[in-house]
Amino acid sequence: MTASRFLSACVALAVLAQAPAAAAHENDCTVPMADWQPREAVQALVEQQGLTVRRIKIDDGCYEVDARDAAGQRVRMRLDPGTLVILRRGSDDDHHRRGDDHDDGDHDDGDRSSHHDD
C-alpha cells in the first residue's frame, strides 16, 4: 500500500468515525435556557391535542413528554423548547415495532433478579 492510499484510508476512517456522533447531536436541542417556553406551555400544547400529560422532562436540551391519548395509549413526544415544534412523536406500538423493549418503569413486571436457592 502506498503512502497516499494509506493516508486516504485513514482520512476515510476518521470521517466515518465522526458520523455516529454527528447523527446523535442532530437530535439535541441547542436553544438557550433564556429562550425556552415554560412547562405550562408544553402542557397546554399537549392537552390541546387531546392528550393527558403524565410527565414532562428534559433530555439532550429538548422537552420530552410522556402522555396518554383518550384510549389510554401511551404517546411520547420530543419538542423544541423554544418553538414547541414537535420534533418526534411516537407510541408504545412504535417502540415495539422497532424492537425497543425498554420500559420506563410504568408498571411492575415482578422481580427480574436471578435468585437461586442452593
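1. Strands are DSSP runs of at least two residues, and helices of at least four, numbered from the N terminus. In these terms, Ala70 lies in the loop between E2 and E3. The note concerns a predicted model, and the points below follow the chain from its overall make-up to individual residues.

2. Overall make-up. The chain contains 3 helices and 4 strands, arranged along the sequence in the pattern α-α-β-β-β-β-α. It has 118 residues, of which 22% count as buried. The chain exposes about 8600 Å², and carbon and sulfur atoms supply 52% of that area. Among contacts with a separation of 6 or more, 37% come from residues 24 or more positions apart.

3. The disulfide. The structure holds 1 disulfide, which joins Cys29 to Cys62 with an S to S distance of 1.9 Å. The pair links distant parts of the chain, 33 residues apart: Cys29 belongs to the loop between helix H1 (3–26) and helix H2 (39–48), and Cys62 to strand E2 (residues 62–68). The link of Cys29 and Cys62 is right-handed, with 100 degrees about the S-S bond.

4. Burial of the two cysteines. Are Cys29 and Cys62 buried or exposed? Cys29 counts as buried because its relative accessibility is 12%, which is under the 20% limit. Cys62 also counts as buried, because its relative accessibility is 0%.

5. Arg78. This residue is placed in strand E3 (residues 74–79). Arg78 counts as buried because its relative accessibility is 4%. A polar atom of the Arg78 side chain lies 3.4 Å from the backbone oxygen of Asp59.

6. Surroundings of Arg78. Which residues does Arg78 touch, not counting those up to four places away in sequence? They are Asn27, Asp28, Asp59, Asp60, Cys62, Tyr63, Glu64, Val85, Ile86, Leu87 and Arg88. This list includes Cys62, the partner of Cys29 in the disulfide, and Asp59, whose backbone oxygen was named in the previous point.

7. Ala70. How many residues separate Ala70 and Leu51 in sequence, and what is their C-alpha to C-alpha distance? The two are 19 residues apart in sequence and 6.7 Å apart in space.

Methods: Residues are numbered from 1 along each chain as its sequence is written. This is a predicted model: local features need pLDDT of at least 70, side-chain atom pairs count only at pLDDT 80 or more; totals for chains, interfaces and linings use all residues. Side-chain values use heavy atoms; hydrogens and water are left out. A disulfide is a pair of cysteine sulfur atoms within 2.5 Å. Buried means under 20% relative accessible area, exposed over 50%, partly exposed in between (1.4 Å probe, protein chains only). A polar contact is a pair of N or O atoms within 3.5 Å; within protein, one must be able to donate a hydrogen and the other to accept it, and residues adjacent in sequence count only if both atoms are side-chain atoms. Contact means heavy atoms within 4.5 Å. Accessible areas come from the Shrake-Rupley method with a 1.4 Å probe; for residues, only the protein chains shown count as cover.
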